[in-house]
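Here is a short note for someone opening this entry for the first time. Please read the points with the viewer open.

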Amino acid sequence: MKTTKKIDPSKRAERVSWMLVTPLACVLGFFLLLPILTIVTVSFWNFNEWSFFPDFILDNYVYHLTSAVTWATYLKTLKFMVLTWCFCAVIGFTVAYFLAFHVRSLPVQIALFLVCTIPFWTSNIIRMISWIPFLGRNGIANSSLISLGVIDEPLEWLLYSDFAVVLAFVHLYALFMVVPIFNTMMRIDKSLIEAARDAGASGLQILTNVIIPLAKPGIMIGSIFVVTLVMGDFITVRHMSGGQSASVGRIISNEIALLQYPAAAASSVVLLCTVLLMIGVMMRFVDIRKEL
Amino acid sequence: MTNALDLELVATTKRYGETVAVAAIDHTFKAGTYSCLLGPSGCGKSSTLRMIAGHEQVSEGDILLGDANITDRPPASRGTAMMFQNYALFPHISVVDNVAFSQKMKGVAKPVRRKRAMELLDLVDMVSYAERLPDQLSGGQQQRVALARALITEPSVLLLDEPLSALDPFLRIKMRLELKRLQRELGISFIHVTHSQDEALALADDIIVMNGGKIEQAGSPRDVFNAPATEFVARFIGGHNVLRVGGEAVAVRADKLDVKRQAGEGGATLTAAVKDVEYLGSSVNLALDAGSAGDLTAAVSDTVFFADPIEIGTTVFLAWKPEDAHALAV
């Protein structure tokens, strides 16, 4: 009789799958799940001027959610988000469309695509701050407009305004829209366009009946990037509004600056839930699984 | 749907930069016939089809459909419809919406266009799949849908770009019969691009063999197969031996070669060694090495062969009737 134990092959395969998934599970558990659990835990803790300590209170949430400032700030952040999303979607779609359908040769496509990424060679903050000398009261924009005779005195709303914030956001995040849309558009079979033309579709009809529906997953992935980045931002809003506009991210960063960690944790949990909810709603409209 | 019209190519030319893809070809596709454009890849057959469809600009020459010059008309107003090689069904809409697509573009009301689309799905026997997405269909089913989508525009000429190449051999033969039946029933012209001579011989009323952007030979399948006009056609269509007789090239069908055991028997003129014997069921192919005449093939019916089997390595003598030797143009 043989003494070696026979292992059922399907059990073996199952064990191998668990082993393969372990490293990623560890990384995600340690660097994603654990911090979030910590934040959730701390959000129920109590604090005073000089310390914070374990407790189970709902005061942090109650204070955060009943404050008029919070609601006004959320409204403001949503406004930034919607405006940024609109501009990024239009610009992203147009650029991706041009790259995917008007540029015929692959080398040129790749070259132009790389050109799009050049701004990413510098840091976020530098790209943002470089708008200041351009938009300032005596900046390039104002002085050229005055010398052209378009305006008589400098425009005050160019810098340190909501306009400046949205402009910087669009500049920073438009590429996050271009890339996924370009990716889905490249997968659209060119013969579908010919088939549509064969069926008598005009250019606009091809766009609305074929290209936009097929590019939807890309638009959705880009939207998730833009929405999460704008909702969580605190630095762009502070610099470009000159400290005059608030955002949810700034509330949290202020609370951290005041060492009110439990309050900051509660605000973070609310923001996290809000963003997850928004993404959940977006995912209901478009199935992006095919793209991943 | 009996709006069949003659389609005429007049010195139709296609140039891509310096290269000439289609060199001033003239041909009339008779109304209501099944024509096959046959040739190896790069011979200009697809460019020709795409010019007829209006998806490729004609560099020179004209395309006439009936009395109308359609050379520069957009694809949808030429009276042609195209069925694409990979079917090009819209993956995001259902089968019935795919078929109704052209009517939607025209602004036909939804109930009307869906009803019309269902009639066409009925024609290709796909009614029960109307609400499915194209991805949920097999290759053969997708092809039927593509066919219905092309036919809803009521074209005078249906253009098919390698329609059977994506199917497995069994389905190919089945769809081949169905295409032919559909063409007979509708009475319109089909122009079918293929690189498979079997497909062309089985389907076509009219075969147009192309090579290097030119038409090598056009005619009925029997004429093309029995009497190839050029050496290219003889070799491409297959089943032929190209021989030199008195300095002139002639084509002799493999099944018209007489294989003899004895020299001089029945006016045998060629000596050859049997290199290989291939059993094909109803016939047996002999691969022959005829020295200076090159490699030849003789097809012998299985009854004749097995009455007196020939071994590999045997020397045989070949003869053919003068009327079976067709002179080839250079």
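1. Start with chain B. Its domain assignment gives domain 1 (7-226) and domain 2 (242-327). The centres of domain 1 and domain 2 of chain B, taken over C-alpha atoms, are separated by 40 Å. Keep in mind that this is a predicted model.

2. Next, the contact between the chains. Chain B puts in 15 residues and chain A 14 residues. On the side of chain B that touches chain A, two elements give two or more residues: strand E6 (80-83) and helix H3 (101-106) of chain B. H3(B) supplies the largest share of that side, with 4 residues. By class, the side of chain B that touches chain A has 10 nonpolar, 4 polar and 1 charged residues.

3. Turn to chain A and one of its helix pairs. Helix H3 (residues 68-102) of chain A packs on helix H8 (residues 162-186) of chain A, with axes 6 Å apart and an angle of about 40°. Angles under 35 degrees would count as roughly parallel, and 65 to 115 as roughly perpendicular. H3(A) and H8(A) are therefore oblique to each other. Their crossing is right-handed. The contact of H3(A) with H8(A) has 24 nonpolar and 2 polar residues, and no charged ones.

4. A second pair in chain A deserves a look. Helix H9 (residues 190-198) and helix H10 (residues 203-232) of chain A cross at roughly 135°, and their axes come within 10 Å. Over 145 degrees would count as roughly antiparallel. H9(A) and H10(A) are therefore oblique to each other. H9(A) passes H10(A) in a right-handed crossing.

5. Which residues meet where H9(A) and H10(A) touch? From H9(A) come A:Leu192, A:Ile193, A:Ala196 and A:Arg197. From H10(A) come A:Ile206, A:Asn209 and A:Val210. By class, this contact has 5 nonpolar, 1 polar and 1 charged residues.

6. Stay with H9(A). Its buried residues are A:Leu192, A:Ala195, A:Ala196, A:Arg197 and A:Asp198. What do they pack against? The partners are H10 of chain A, together with helix H1 (45-53) and E6 of chain B. E6 of chain B is also one of the elements named for the side of chain B that touches chain A. Just after H9(A), A:Gly200 takes a positive phi of about 90°.

7. Check the backbone at A:Leu259. Its phi is near 60°, a positive value in a residue other than glycine. A:Leu259 sits in the loop between helix H12 (248-257) and helix H13 (261-285) of chain A.

8. B:Glu162 has 20 other C-beta atoms within 10 Å, so it is buried. The cut-off for buried is 20 or more.

Technical notes:
Residues numbered from 1 in each chain as written. Chains lettered and ligands numbered in written order. Predicted model: local features only at pLDDT ≥ 70, side-chain atom pairs only at ≥ 80, totals over all residues. Axes fitted to C-alpha atoms, helices over the stretch in contact; angles between N-to-C directions. Left-handed = near helix turned anticlockwise from the far one by under 90°. Nonpolar A, V, L, I, M, F, W, Y, C, P; charged D, E, K, R; others polar. Contact = placed C-beta atoms within 7 Å. Domains from an automatic or database assignment. Buried ≥ 20, exposed ≤ 12 C-beta atoms within 10 Å, placed from the backbone.
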